Amino acid sequence: MPDAAPDALPDALPDVVSDVVPGGDAMSRLTVRDLSVVLDGRPVLSEVGLDVRDGGWLAVIGANGAGKSTLLRALAGVLPYGGDVLIDDTPVRRLRHRDRARLLAYAPQTPALPVDMTVFDYALLGRTPYIPYLGREGRCDREVTASVLERLDLSRLASRPLGRLSGGERQRVVLARALAQQAPVLLLDEPTTALDLGHQQQVLELVDRLRLADGLTVVTTLHDLSLAGQYADAMMLLSAGRVAASGVPAEVLTEELIAEHFEARVRVGTGPAGRPEVHLERP
Ligand SMILES: Nc1ncnc2c1ncn2[C@@H]1O[C@H](COP(=O)(O)OP(=O)(O)O)[C@@H](O)[C@H]1O
Ligand SMILES: [Mg+2]
């Protein structure tokens, strides 16, 4: 993929984010208490607690296999779990599927995509919780979908089948579907791994704008620690399925914690706005 064109950069994004996700009542706080997940008889998450304020951005970090994706899948309700997941004061497990989908949107790390479906129709699936049973999508659903595709630089691919996209394009389409859902809580599993630099910035800036404009509550896993530290206002380090550290980025991104939990030698500097920057150092 070529370097990002100038119009892919966040400064060029039109100020119409409210078209994408409505404001006002979108605020929601996410609370998790004593969450546990067992897969194949093995505990994969234990005693996980977290609290993301209205409009907060929590980045979950941790080595491969630490349980990050499992945590997001549990929060999204696609895995059985023990403990409580609450949006405001509502236990998510008590919600009907459709109501849950209006509150919580989830973009998985590696979703199975129907190869023959077009980009537009796939993103439109995000509107399912608003379309009446046995009904068809309305104009508003198509407009929201088109607007999200536009924001993610995907309009020209709208009629392309998913089987004929690059990895980065597929990843943005999965994000488009989640954004089209207009839920106040957004769960994104490694949303930038397959993206070139320009599109990483575009996606994270878009999510940040939605968060600031509309109070979206965001939980992402991000394996680029500096990127996580730049965007998130809170961080949680998972290690072997347990919370090893949590707090503001500077409390979690320390040389000691990274050495211990990633077995990596790094130097942590201070970037713009006092945010930590993590640099790999050769042993
Ligand atoms: N469906 C599954 N059945 C059994 N074990 C699983 C399953 N999915 C993931 N795991 C295991 O759970 C652990 C955490 O996986 P995951 O949450 O994907 O880690 P991360 O996203 O942090 O890399 C790993 O040891 C993984 O092998
Ligand atoms: Mg993962």
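Guide: The discussion below takes the sheets, then a helix pair, then the ligand shell. Please note that this is a predicted model.

Visitor: In what order do the strands of the four-stranded sheet run, and what is the pairing?

Guide: The order is β2-β1-β4-β5 in an open sheet, and the pairing is antiparallel. The strands β2 (42-52) and β5 (90-91) are at the edges; each has a single partner strand, so one side of each lacks a neighbour in the sheet.

Visitor: Which helix packs on this sheet, and which strands does the helix touch?

Guide: Helix α2 packs there, touching β1, β2 and β4. The direction of α2 makes about 65 degrees with that of β2.

Visitor: How many bridges join β1 to β4?

Guide: Five bridges join β1 (residues 30-39) to β4 (residues 82-87), and these strands run antiparallel. The bridge partner of Ser-36 in β4 is Gly-82, while Leu-30 stands opposite Ile-87 in β4.

Visitor: What is the strand order of the six-stranded sheet?

Guide: This open sheet has the order β6-β7-β8-β3-β9-β10, with mixed pairing. Its edges are β6 (104-107) and β10 (242-247), each with a single partner strand, so one side of each is left without a neighbour in the sheet. On average, neighbouring strands of this sheet are turned by 15 degrees against each other, direction ignored. Within the sheet, β3 (residues 57-61) and β9 (residues 234-239) run parallel and are joined by four bridges. Ile-61 has Leu-237 in β9 as its bridge partner.

Visitor: How is the packing of two helices described?

Guide: Two packed helices are described by the angle between their axes and the distance between the axes. Here, helix α5 (residues 139-151) packs with helix α6 (residues 167-180) at an angle of about 140 degrees, and their axes are 9 Å apart. The two helices are therefore oblique to each other. The crossing in which α5 passes α6 is right-handed.

Visitor: Which residues meet between α5 and α6?

Guide: From α5, Val-144, Thr-145, Val-148 and Leu-149 meet Ala-176, Leu-179 and Ala-180 of α6. The residues of this contact comprise six nonpolar, one polar and no charged.

Visitor: Which residues are around ligand 1, and which helix gives the largest share of the shell?

Guide: The residues around ligand 1 include Leu-39, Asp-40 and Val-44, together with Gly-62 and the run Asn-64, Gly-65, Ala-66, Gly-67, Lys-68, Ser-69 and Thr-70. Helix α2 (residues 68-76) supplies the largest share, three residues. By class, the shell has three nonpolar, six polar and two charged residues.

Notes: Residues numbered from 1 in each chain as written. Chains lettered and ligands numbered in written order. Predicted model: local features only at pLDDT ≥ 70, side-chain atom pairs only at ≥ 80, totals over all residues. Axes fitted to C-alpha atoms, helices over the stretch in contact; angles between N-to-C directions. Parallel < 35°, antiparallel > 145°, perpendicular 65-115°, else oblique. Left-handed = near helix turned anticlockwise from the far one by under 90°. Contact = placed C-beta atoms within 7 Å. Nonpolar A, V, L, I, M, F, W, Y, C, P; charged D, E, K, R; others polar. Near = placed C-beta within 6 Å. Pairing = 2+ DSSP bridges.
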